[in-house]
Amino acid sequence: MSLESRSARQWLISLPSLSWLAVFFVIPAILVIITAFRPADLQGGVGPGWTLATLREVQDPAYLPILWRTLWLSGATTVVCLALALPVAFQMARAGQRMRQVLLLLVVIPFLSNFLIRIFAWKSLLHPEGPLTKLLIGLHLIPENAVLLNHVGTVLLVLVYTQLPFAILPLYAAAEKFDFGLLDAARDLGAGPWRAFSKVFVPGVRRGIVSAAVMVFVCCLGQYVIPQLVGGTSDEMLGNKIAQRVFSDRNLPHASALAGGLMLAVLVPMLVIVLWQQIGRKEAE
Amino acid sequence: MEDFLVIDHVSKSFGAQRAVDDVALTVAQGESFSLLGPSGCGKTTLLRMIAGFEQPDRGRILVGGRDITSLPPEQRPVNTVFQNYALFPHLSVWENIAFGLRMSRRPREEIRSGVERMLELVRLSEHARKRPAQLSGGQRQRVAIARALVNRPQVLLLDEPLAALDLKLRQHMLMELNTIHEQVGTTFIYVTHDQGEAMSLSDRIAVMNAGKVEQVDSPENLYETPRSSFVASFIGDANFFSGVVVEVQHEGYVRVLVEGLGSPLVLSNGAVSANQTLRLMVRPEKISLTLTRPSSGERVNAFRGVVEGMAYFGSHTRYRIRAGEHSIQAQLQRSRFSGGEIDPARGAEVWMSFHPDEGRVVRLEAAA
């Protein structure tokens, strides 16, 4: 088969997924950006003509702390998830065939129950009258009047809980391909177990780390259910503001401008990372 | 000879499987030593115990008089060249070699000079910036050797160092390894299943079978005087015959009757008594072929057979000859073939003969 016909076939095979992405992702994203430049009408729809007024509105400094909280919560969730997922992926890849299947199943099982139900479960777990609060007070680990719910830490905890599988799975995929004989070589050359892990295993699964980080970080940026259900009024993320603009204020252009801004805030760093990896790969060749 | 590396009655089991069974060995400083045996004989397990990746169930391992049995791999004065080289793919050749020195937190200048010296030793200076994936198999192996030797180990372990290379490169690397060994003078322990490799690389070889050491000897002695039929058949090719001692002569010669070979054979091994059943071995190249009965006196064992098949190898020709029950391998060196004689053809009747000193008793059996 010639090179051209092979690449033609590859295009043909990926046509369904490409058209899916185009229809349900690229076109809506463009529509969102277009909507940001249209005036709002009073019925909650989009009025005629074009305007830059919305773009000026979203430069409101009141958004800055919310944007900052969104970024640091997403960043912190990513770091915590990676720190927890790396040893898990390491152990899973080293486990026997049967044990691996069991562990994989355990990672995936939470997905079998509805996302909202799991968040509500956290809500009742952490409720002042809930079992966890009572247990911790009973053990004198927290003061009598401590409130576990409605706190920015609670948001972080539940974010980590929901995103952890998305960090474990790509890391496990990378760890499974890792040659564990390299750890023997590192030990042989004088590295203790921890340095062998950090100097050889971690660089060995760096592509998996990048995938996991992007996956977790991007998913966190758009979150609004978790801060709304387990966070306090001062723990809102940008997603909550977008939801308010759509459902309460019925101002689609304003919501679109916020969503578009967030999209750019994600896409630009991702493009930089992809380009940086491409350059790295070229250098390696 | 000073015992530098001491394997003191070491055993290791995996479940019910006895991988290494009470092995005792000593290796001198600077020696080039091979653990040779078929796969599953325990040689790799023994190597991994010296490196520290496996713990012996029983016994001790000493290097330079120090007991290292309970030390983790990173604290042993031992480095390994792994079978697949196990180079770090994310590091350059330079950084791969520097890894061990960095782990022991040597000063920057020492790391630089150590790496440069090693790059020169394995002649890879111009490839220092490359990644392992950009190197050929032979170059990768040289990086693996440099990466281990830069730490100045007291013992260097090499696990099947040539197995991943093609034939031509393998012969080149044989010479190269011997040169490196001469230059650095470190104790080298090879693990290999290839007898040719072991013979050309080592001062002494331990032949292992089923977790035990069958014989430890120089390559010449293993080949010329194997002490078991396993060693005889594992090192080189061999013809085996079972026979009964019919007469013990003076001067240490015995006469052994082998069914189907005519008159009793004369052998030089004297440590047997009459009526004993034994197994004896003759190397194919020790058997001379002639068309007529050799007439060099009484002390030559001669018997007749019919050529069944032959294979031409350029430097020599290998014959398979039928004599009664026996199928005998004989080898004819081209240079030794005397003028006037013709090559025996298939179906030709030939005389085989060997000198009494060329036959070896490899096993004694209970007296019949």
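Q: Which residues does B:Ile97 touch, not counting residues up to four places away in sequence?
A: B:Ile97 touches B:Val115, B:Met118, B:Leu119, B:Val143, B:Ala146, B:Arg147 and B:Val150, with residues up to four places away in sequence left out. Contact means that the C-beta atoms, placed from the backbone, lie within 7 Å.

Q: What do the letters and numbers stand for?
A: Residues are numbered from 1 along each chain as its sequence is written, and chains are lettered from A and ligands numbered from 1 in the order in which they are written. This is a predicted model, where local features need pLDDT of at least 70, side-chain atom pairs count only at pLDDT 80 or more, and totals for chains, interfaces and linings use all residues.

Q: Which residues touch the most other members of the largest nonpolar core?
A: B:Ile97 is one of them, along with A:Ala85, A:Ala89, A:Ala167, A:Leu171, B:Leu157 and B:Ile189, in a core of 148 residues. Such a core is a set of buried Ala, Val, Leu, Ile, Met, Phe, Trp, Tyr and Cys residues joined through C-beta atoms within 7 Å. Buried means 20 or more other C-beta atoms within 10 Å of the residue's own; exposed means 12 or fewer, and partly exposed is in between, with C-beta atoms placed from the backbone.

Q: Which helix gives the most to this core?
A: Helix α7 of chain A, residues 152-177, with 14 residues. Helices (H or I, at least four residues) and strands (E, at least two) are DSSP runs, numbered from the N terminus.

Q: B:Ile189 is in β8(B). How many residues of that strand are buried?
A: Six of six, over residues 187-192. B:Thr187, B:Ile189 and B:Val191 are buried on one side, and B:Phe188, B:Tyr190 and B:Thr192 on the other.

Q: What pairs with β8(B)?
A: Strand β3 of chain B (residues 32-36) runs parallel to β8(B) and is joined to it by five bridges. B:Leu35 is opposite B:Val191 there. Strand β7 of chain B (residues 155-159) also pairs with β8(B) in the parallel sense, over five bridges. Pairing requires at least two DSSP bridges between the strands.

Q: New topic. How many residues of chain A contact chain B?
A: 15 residues of chain A are in contact with 18 of chain B. On the chain A side, α8(A) gives the most, with six residues.

Conventions: Two residues are in contact if their C-beta atoms, placed from the backbone, lie within 7 Å.
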